[in-house]
Amino acid sequence: ETAPNGTMYKITGSTESGFVSYYVRRNGAVWDETVANGLQNALDASTMPHCLVRQGDGSFVFAPFSWARRAVGDTGSNPAPTFVGRTINDVFFYQNRLGLLVDENVVYSCTGDFGNFWRNTVLDYIASDVIDVAVTTTNVAILNHAVPFNDGIMAFADQVQFSITNGEDGLSPESIAISPVTRYEVNTKVRPAMIGTEVYFCGDNNGSSIIWEYTRMSDGESLTAAEITAHCPRLVPSGVTKIIAAQNLKALFVLTGGKEVYAYQFYWNGNEKLQSAWRTWTSADPVIGGEYIDGNLYLLVRRIDGVYLAKAHLEPNA
């Protein structure tokens, strides 16, 4: 007897056959793989990261994103991603995937499908499918920030920093590799900054801040982390709020919420650093935020009558 259109069956797998159980639904003359009945398959868009979209007239719209539903399998063969019911700590992009950090896990969307965090079939694990992996360490390592760096991602926990890499054929569930590279107690409230092949992050030490420079040399194997505040250990106070990178100036600007902006400038000649200089700029008002864009340092300053946006032109010819 021919099954009516829309009829669903569960195909039971076994260890002997090497197949997992899966579900099919009749669609005309074919049977399509489908999802089990009675499951919560949608992600709550109101509690997920939102999207800022530029419109044709130059305006922006900030709104929930369109997240894919679970379309195949069940809670065993296609479980909910790790971030469901937990706090997402960071969002980033890597190799045409959207990445999320949650607790000790790194979760990547399907390749080219930023809103899809589900497997597309339970019959096979294809290279473009979702990736959900945990870092391996003897201590609890809650991941707070992810920075795309050289041939992978550098992920920061409060006491350990990890390198997340993949093979030559691209990022896939089989090629991903996670390993600890440095062990520093860092200020997890401050996002690390990247300039070229260097990543900068900070920590607190007896009322002062330490700024580290992590470098992966050109041979791809030498891993170093230098303390660039070692020659002026009391200059930058504790409680850094932001590190601003100026790529073309080879400079950093460190904010602490006070009136001072701590500027760091460096110069490399091959693998030898010839300049490592700090200086202090003083504002008339507390500096609470900032960004470097196209040769200009933009600073948010707090005055008696409100918050103002200041701009300093820092190009060499200015």
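Serine 209 is placed in strand E16 of this predicted model. The residue is buried, with a relative accessible area of 1%. Two polar partners can be named for its side chain. One is the side chain of aspartate 204, with which serine 209 makes a polar contact at 3.5 Å. The other is the backbone oxygen of proline 237, which lies 2.6 Å from a polar atom of the serine 209 side chain.

Strand E16 also takes part in the aromatic pairing of the model. Tryptophan 212 lies in this strand, which covers residues 208-216, and its partner phenylalanine 201 lies in strand E15; the pair therefore ties together parts that are eleven residues apart in sequence. The two ring centres are 5.6 Å apart and the ring planes stand at 35°, so the pair is tilted.

Most residues other than glycine have a negative phi. Asparagine 206, although not a glycine, has a positive phi of about 55°. Glutamine 95 is another non-glycine residue with a positive phi, here about 50°. Glutamine 95 is found in the loop between strand E6 (90-94) and strand E7 (97-102), and it is partly exposed, with a relative accessible area of 38%.

The structure holds 15 aromatic pairs in total. Among them is the pair of tyrosine 200 and phenylalanine 266, whose ring centres lie 5.9 Å apart with planes at 40°, so this pair is tilted. It links distant parts of the chain, since tyrosine 200 belongs to strand E15 (residues 198-205) and phenylalanine 266 to strand E20 (residues 260-269), 66 residues apart. Both tyrosine 200 and phenylalanine 266 are buried. Elsewhere, ring pairs join Phe65, Trp67, Phe83 and Phe117 into a cluster.

The charged end of arginine 119 sits over the ring of tyrosine 125, at 4.3 Å from the ring centre. Arginine 303 lies over the face of tyrosine 308, 4.6 Å from the centre of that ring.

The largest pocket has a volume of about 270 Å³. Its lining comprises 17 residues, and Arg191, Pro192, Ala193, Ile243 and Glu291 are the closest to its centre. Strands E10 (145-149), E14 (193-195), E18 (242-246) and E22 (287-293) each give two or more residues to this lining, and E18 supplies the largest share, four residues. By class, the lining of the largest pocket divides into twelve nonpolar, one polar and four charged residues.

The second largest pocket holds about 200 Å³ of space. It is lined by 15 residues, of which Thr47, Met48, Phe83, Val84 and Gly85 lie nearest its centre. Phe83 is also one of the members of the aromatic cluster described above. The lining of the second largest pocket has eight nonpolar, four polar and three charged residues.

Terms used
Residues are numbered from 1 along each chain as its sequence is written. This is a predicted model: local features need pLDDT of at least 70, side-chain atom pairs count only at pLDDT 80 or more; totals for chains, interfaces and linings use all residues. Side-chain values use heavy atoms; hydrogens and water are left out. Rings of Phe, Tyr and Trp (its six-membered ring) pair if their centres lie within 6.5 Å; planes under 30 degrees apart count as stacked, over 60 as edge-to-face and the rest as tilted. Buried means under 20% relative accessible area, exposed over 50%, partly exposed in between (1.4 Å probe, protein chains only). A charge sits over a ring if NZ of Lys or CZ of Arg is within 6 Å of the ring centre and within 35 degrees of the ring normal. On a 1 Å grid over the protein atoms alone, a cavity is a set of points where a 1.4 Å probe fits but cannot get out, and a pocket is an open set with protein on both sides within 12 Å along at least five of seven lines; lining residues have an atom within 4 Å of a point. Grid points are joined across faces, edges and corners, and a volume is the space filled by probe spheres set on the points. Ala, Val, Leu, Ile, Met, Phe, Trp, Tyr, Cys and Pro count as nonpolar, Asp, Glu, Lys and Arg as charged, and the others, Gly among them, as polar. A polar contact is a pair of N or O atoms within 3.5 Å; within protein, one must be able to donate a hydrogen and the other to accept it, and residues adjacent in sequence count only if both atoms are side-chain atoms.
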